[in-house]
Amino acid sequence: MANKKMAIIATKGTLDMAYPPFILGSTAAALGYDVQIFFTFYGLQLLRKDLSDVMISPLANPAMPMPIPMPVMVQMLPGMESMATMMMKQKLKKHGVASLEELRDLCLEADVKFIACQMTVDLFEFDKSEFIDNVEYGGAATFLSFAGDTDICLFV
Amino acid sequence: MNFDKELNARGLSCPLPIVKTKKSLADMTTGQVLKVISTDTGSVKDMAAFAEQTGNALLSTVEENGEFVFYMQKK
């Protein structure tokens, strides 16, 4: 029997939104799925060798649990984003949640295929040398040739 | 229960217990049994789902002192 297939479009480049594609990708691969993730727009940030700029912001994110209630006027102060990111990373670590780097490596080890949107790479004038090596570059048609035949297709 | 290999997944959260189970099974042979110890409550349902979808047999699930012990037999 042919393997099941899953395709994910990753469009967000924040710490919280970086997790679902990598968690689902690595898990599906462990379950025997063929997996492809198409990274486009801000999702391209998740392909950088250095993921330390992937952050979370409390701004415009009213559902984010905060240790103390924090007015929006305070959330917008310089340094709040770095602080929120640091606290979130500490929390993830404390709960035994893998880092993004670790999950991404697990995806690659399990042959999850990463496709970077060539159009967005050009649009944002990204330097491909800043991205990890195991990436293919392609467009919507490249993605759809796999996605059209999948059991699960998600937009994150 | 007898087992051939043990995986310590204590302290790890989703999806690591599953992904590491898969990796551990990869270098075992058919019929061998992997013992997995996890502290992740979610792994109880996840290990059953993993077994169902991959065809490996989940021989037993036991909770001992807040830890979950799984015996998974490789397909």
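## Close-up views of a predicted two-chain model

**View 1. Chain A as a whole.** Start with burial: 29% of the 156 residues in chain A are buried. Keep in mind that this is a predicted model. If you count up the secondary structure of chain A, you get 6 helices and 5 strands. Walking along the sequence, chain A runs β-α-β-α-α-α-β-α-β-α-β. Its radius of gyration is 17 Å, close to the 15 Å that the globule rule gives for 156 residues, so chain A is as compact as a globular protein of that length. Taken along the principal axes, the C-alpha atoms of chain A fill a box of roughly 55 × 35 × 25 Å. As for who touches whom, take the contacts in chain A with a separation of 6 or more: 77% of them are between residues 24 or more positions apart.

**View 2. The largest nonpolar core.** Here we zoom in on a core of 48 residues, the largest nonpolar one. The residues with the most contacts inside this core are A:A29, A:I37, A:F38, A:F39 and A:A116. Helix α1 of chain A (residues 15–30) puts in the largest share of the core, 7 residues. As background, nonpolar side chains tend to be buried together in soluble globular proteins.

**View 3. Around A:A29.** Which residues does A:A29 touch, leaving out residues up to four places away in sequence? The list reads A:V35, A:C107, A:A110, A:D111 and A:V112. A:A29 is also one of the residues with the most contacts inside the largest nonpolar core.

**View 4. Chain B as a whole.** Chain B comes with 2 helices and 4 strands, and its pattern along the sequence is β-α-β-α-β-β. The radius of gyration of chain B is 11 Å, close to the 11 Å from the globule rule for 75 residues, so chain B is as compact as a globular protein of that length. The C-alpha atoms of chain B sit in a box of roughly 30 × 25 × 20 Å along the principal axes. Buried residues account for 31% of the 75 residues in chain B. Of the contacts in chain B between residues at least 6 apart in sequence, 62% join residues at least 24 apart.

View 5. In chain B, strand β1 (residues 5–9) and strand β2 (residues 33–38) pair in the parallel sense over 5 bridges. To find your place in the pairing, look for B:K5, which stands opposite B:L34 in β2(B).

View 6. The buried residues in α1(B) are B:L16, B:P17, B:I18, B:V19, B:T21, B:K22 and B:L25. What covers these buried residues? From chain A, the cover includes α1 and α4 (100–109). From chain B, it includes β1, β2, α2 and β4 (67–73).

**View 7. Where the two chains touch.** The contact takes 11 residues from chain A and 12 residues from chain B. On the chain B side, α1 and α2 (43–54) each supply at least two residues. Which element gives the most to the side of chain B that touches chain A? That would be α1(B), with 4 residues. Sorted by class, the side of chain B that touches chain A has 7 nonpolar, 4 polar and 1 charged residues.

Technical notes. Residues are numbered from 1 along each chain as its sequence is written. Chains are lettered from A and ligands numbered from 1 in the order in which they are written. This is a predicted model: local features need pLDDT of at least 70, side-chain atom pairs count only at pLDDT 80 or more; totals for chains, interfaces and linings use all residues. A nonpolar core is a set of buried Ala, Val, Leu, Ile, Met, Phe, Trp, Tyr and Cys residues joined through C-beta atoms within 7 Å. A residue is buried if 20 or more other C-beta atoms lie within 10 Å of its own, exposed if 12 or fewer, and partly exposed in between; C-beta atoms are placed from the backbone. Two residues are in contact if their C-beta atoms, placed from the backbone, lie within 7 Å. Two strands pair if DSSP finds at least two bridges between them. The radius of gyration is taken over C-alpha atoms; the globule rule is 2.2 Å times the number of residues to the power 0.38. Ala, Val, Leu, Ile, Met, Phe, Trp, Tyr, Cys and Pro count as nonpolar, Asp, Glu, Lys and Arg as charged, and the others, Gly among them, as polar.
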